[in-house]
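Subject: Structure handover

Hello,

Here is the structure I promised you. Please open it alongside this email. My notes follow below.

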Amino acid sequence: QPFLAQVQVGAAQVQAYYEANPAEFRVPERVRAEYLVLSAEALGRGDAVSEADLQAAYEARASQYRVDEQRRASHVLVKTEEEAAQLAAEARKNPGRFAELARKHSQDPGSAANGGDLGFFGRGMMVPAFEEAAFRMREGEISAPVKSEFGWHVIRVTGVQPAKVRPLAEVRAELAAELARQQGARRFAEAAEAFSNMVYEQADSLKPAAERFKLQLQTSGWIARGAAPGDAGVLASPRLRGALFA
């Protein structure tokens with residue numbers, strides 16, 4: 001740095017360095033594009049889904065929104081029927097001790113530490129003997145010993161969620177989104193060919209197509225060949241970049 005002021009660089013030296021190092025000064029080819037995006041998603045957002053369509057779709061999908069009965073239960077798992085009977089008797093005398101008995105005696109490592117709690121479950125999620133007993137009992141009831149391939153269970157039902165159908169108010173948002181996607185797909189199928197023909201026949205400008213299809217005319221930044229563009233979305237597509245440079 002202290003000697004820079006004393007250095008003299010001639011034009012011939014600059015020219016020689018420039019010619020010897022062309023890669024340092026090469027700027028890759030770049031393009032900038034004006035574009036429109038016609039998509040099923042955007043077309044679907046353009047038209048609101050009517051209340052009548054929502055109601056009709058909800059009724060047609062009634063079985064899809066049915067939630068089967070769920071039970072929550074705790075259990076104590078032991079090896080012998082005698083031990084299970086003794087624990088069932090103790091639990092019935094003092095139901096509040098059920099979790100304590102499970103932590104102390106249950107041989108189910110997955111639930112013993114949680115006081116025997118198995119959480120909520122539906123039909124088909126437990127072994128048949130356990131399930132049959134649990135779905136036959138009332139909430140708060142403690143079972144007699146129940147045998148399964150794992151051993152002997154003492155079961156306490158701690159929660160019951162009856163079967164229900166999810167109301168329209170609960171599924172409205174997801175159903176409206178699905179109908180909008182379907183609506184957009186139909187409109188896209190109808191519009192795609194006309195859109196393609198119009199931009200080909202009026203190649204001097206995209207404005208007529210933008211106005212007809214109510215699309216936003218967009219402009220990219222500079223895009224270098226082989227490099228991902230700064231613009232997000234469709235311009236990140238390698239196929240589209242290849243078309244731009246063709």
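At what angle do helix H4 and helix H5 pack, and how far apart are their axes? Keep in mind throughout that this is a predicted model. H4 covers residues 81-93 and H5 covers residues 98-105. The two pack at an angle of about 155°, and their axes are 9 Å apart. H4 is therefore roughly antiparallel to H5, since angles over 145 degrees count that way. Their crossing is right-handed.

On the H4 side, look at Glu-83, Leu-87, Glu-90 and Ala-91. They meet Phe-98, Leu-101 and His-105 of H5. By class, the residues of this contact are four nonpolar, one polar and two charged.

H5 also takes you to the sheet. This helix lies across S4 and S7. Its direction is at about 45° to S4.

**The sheet**

What is the strand order in this open sheet? Its four strands run S5-S4-S7-S6, with antiparallel pairing. S5 (117-121) and S6 are the edge strands, and each of them pairs on one side only. On average, neighbouring strands are turned by 40° against each other, direction ignored.

Going through the pairs:

- S4 with S7: strand S4 spans residues 70-78 and strand S7 spans residues 151-161. Nine bridges join them, and they run antiparallel. Ser-74 has Arg-156 in S7 as its bridge partner.
- S4 with S5: three bridges join these antiparallel strands. Ser-74 turns up here too, opposite Asp-117 in S5.
- S6 with S7: strand S6 spans residues 146-148 and pairs with S7 over three bridges, again in the antiparallel sense. Ser-148 stands opposite Gly-151 in S7.

Ser-74 is a handy place to start viewing. Its partners are Arg-156 in S7 and Asp-117 in S5.

Which way do H3 and H7 lie relative to each other? Helix H3 is residues 51-60, and helix H7 is residues 168-201. Their axes come within 10 Å and cross at roughly 105°. H3 and H7 are therefore roughly perpendicular to each other, because angles of 65 to 115 degrees fall in that class.

From H3, the contact uses Glu-51, Asp-53, Leu-54, Gln-55, Ala-57 and Tyr-58. From H7, it uses Leu-168, Val-171, Arg-172, Leu-175, Ala-176 and Leu-179. These residues divide into eight nonpolar, one polar and three charged.

**The whole chain**

Now step back to the overall picture. The protein has nine helices and 10 strands. Its radius of gyration is 36 Å, well over the 18 Å that the globule rule gives for 246 residues, so the protein is more spread out than a compact globule. Along the principal axes, the C-alpha atoms fill a box of roughly 105 × 70 × 30 Å.

Best wishes

How values were computed:
Residues are numbered from 1 along each chain as its sequence is written. This is a predicted model: local features need pLDDT of at least 70, side-chain atom pairs count only at pLDDT 80 or more; totals for chains, interfaces and linings use all residues. Side-chain values use heavy atoms; hydrogens and water are left out. Axes are lines fitted to C-alpha atoms, for helices over the stretch in contact, and angles run from 0 to 180 degrees between N-to-C directions. Angles under 35 degrees count as roughly parallel, over 145 as roughly antiparallel, 65 to 115 as roughly perpendicular and the rest as oblique. A crossing is left-handed if the near helix is turned anticlockwise from the far one by less than a right angle, and right-handed if clockwise. Contact means heavy atoms within 4.5 Å. Ala, Val, Leu, Ile, Met, Phe, Trp, Tyr, Cys and Pro count as nonpolar, Asp, Glu, Lys and Arg as charged, and the others, Gly among them, as polar. Two strands pair if DSSP finds at least two bridges between them. The radius of gyration is taken over C-alpha atoms; the globule rule is 2.2 Å times the number of residues to the power 0.38.
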